Amino acid sequence: MRASVIQIAVDEDESVESRRRRVASLVREQAGADLVVLPELWTTGAFAYEEFGREAEPLEGPTYEAMAKAASDAGVWLHAGSIPERDPDGPLYNTSLVFSPSGDLAAAYRKIHRFGFDKGEAVLMGAGAELVTVRLPGTVLGLSTCYDLRFPELFRGLVDAGAETLVVSAGWPERRRSHWTLLAQARAVENQSFVVACGTAGTHAGVPQAGHSIVVDPWGEVLARAGADEEVLTVEFDPGKVATTREQFPALKDRMLGLEPPRRP
Ligand SMILES: NC(=O)CCC(=O)C(=O)O
C-alpha cells in the first residue's frame, strides 16, 4: 500500500479559498497512491476558534465538493482531514471525510474527544458518538482526530471493530510534539496496527504547529517521519504485517479486562 500524508501549512496569511485550491491540487498530484491523508481542520486551523463559526460548512459544502473531485481526479482513497461541519439541526462538529477513488463519500467521522477543557473546541463543537471504520482493498482504516490520540480506549474499540490501519488526522501544537510521537508509537504497538498520523505545519492563532507527521508499523517501528514544514510524506507498507504481527506476538488475545464475560485467569 502506498500512502501520501500531506502535512499542510495552515497560516493566517492564506485565505481558506486559496488553501482549498492548493490542497486539491496537491491531492491530484498523488495519483498512483492508494491512500492520501490530510490533517484536521486545515481550512481554518485547529486552534483558530474564532473562525469555526465563520467558516463552518454543511457536510456537502465547498470542501466536500473540492475533495470529492480531487479524489476522483487522482483515483485515490482520500482521507480529506476534517471540516467544521454545520449540522442544520444541531451544533458544529469537527467532521472527517473519507472519499473513495470514484469521489463518493465512504465515511464521515465526528471527532469524539474535543480539545480545550472548558473553552475552544470543547465548547464550540458537539461531540461525535460513533466509532468509524472504512474497508479499503487490503486494509481497514480506523478513524480518529487529534486529541482522540490521548484516549487508548477509542483505538481499542476501533481494533475490535476490525481496524488495522489507525488514521490520526491532527492539528497538533509544537509545544506538545513529544507527546504526539510517543502516543502515535504507543497506539501502534498496543494495537498491533499501522498508525498513519498527519498533522499541520505553520502557525495560526498564535499556535506554532508541530508538523512531524509520522507513519508507524505494528511493531512500533517508524516507517516515515516529516519535518516541521509543509511536506508530502510518502510511504509504502505491507498491510499483511498486521496479521503476521498479531499471530507471532498474540498479545491482543491475552486481554483480561473489558471483555464480556471477563476471562478467568
Ligand atoms: N486539536 C486538538 O485536538 C489538539 C490536541 C492537543 O493539543 C493535545 O492533545 O495536546
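## The 6-7-8-9-12-13 sheet

Six strands make an open sheet with the order 6-7-8-9-12-13 and mixed pairing. Strands are DSSP runs (E, at least two residues), as are helices (H or I, at least four), and both are numbered from the N terminus. Two strands pair if DSSP finds at least two bridges between them. Strand 6 (133–136) and strand 13 are the edges; each has a single partner strand, so one side of each lacks a neighbour in the sheet. From one strand to the next, the twist averages 15 degrees. Axes here are lines fitted to C-alpha atoms, for helices over the stretch in contact, and angles run from 0 to 180 degrees between N-to-C directions.

This is a predicted model: local features need pLDDT of at least 70, side-chain atom pairs count only at pLDDT 80 or more, and totals for chains, interfaces and linings use all residues. Residues are numbered from 1 along each chain as its sequence is written.

## Pairings within that sheet

Strand 7 (residues 139–145) runs parallel to strand 8 (residues 165–169), with 5 bridges between them. Glycine 142 has leucine 166 of strand 8 as its bridge partner. Helix 5 (residues 152–160) lies across strand 6, strand 7 and strand 8, at about 155 degrees to strand 7.

Strand 12 (residues 214–216) and strand 13 (residues 222–225) are antiparallel and joined by 3 bridges. Isoleucine 214 faces arginine 225 in strand 13. The hairpin of these two strands has 5 residues between them, and glycine 220 takes a positive phi near 90 degrees.

## Leucine 149

Leucine 149 sits in the loop between strand 7 and helix 5. It is buried because 24 other C-beta atoms lie within 10 Å. The cut-offs are 20 or more for buried, 12 or fewer for exposed, and partly exposed in between, counting other C-beta atoms within 10 Å of the residue's own, all placed from the backbone.

Beyond its neighbours within four places in sequence, leucine 149 contacts Ser144, Val168, Leu183, Ala184 and Arg187. Contact means C-beta atoms, placed from the backbone, within 7 Å. Glycine 53 is 96 residues from leucine 149 in sequence and 25 Å away, C-alpha to C-alpha.

## The 5-4-3-2-1-14 sheet

Another open sheet has 6 strands in the order 5-4-3-2-1-14, again with mixed pairing. Its edges are strand 5 (105–110) and strand 14 (231–236); each has a single partner strand, so one side of each is without a neighbour in the sheet. Neighbouring strands are turned by 25 degrees against each other on average, direction ignored.

Strand 1 (residues 2–7) is parallel to strand 2 (residues 35–37), through 3 bridges. Valine 5 has valine 37 of strand 2 as its bridge partner.

## Aspartate 238

Aspartate 238 is in the loop between strand 14 and helix 7 (241–248). It counts as exposed, with 12 C-beta neighbours inside 10 Å. Threonine 139 is 99 residues from aspartate 238 in sequence, yet the C-alpha atoms are 9.5 Å apart.

## Annotation and ligand shell

The unreviewed UniProt entry annotates residues 1–239 as "domain: CN hydrolase". UniProt positions follow the numbering used here, feature names are shortened, and annotations may be inferred rather than shown by experiment. Over residues 1–239 the chain is 26% helix and 30% strand, with the end C-alpha atoms 7 Å apart.

The residues around the ligand include Glu40, Cys146, Tyr147, Arg150, Trp172 and His179.

Key. Near = placed C-beta within 6 Å. Contact = placed C-beta atoms within 7 Å.
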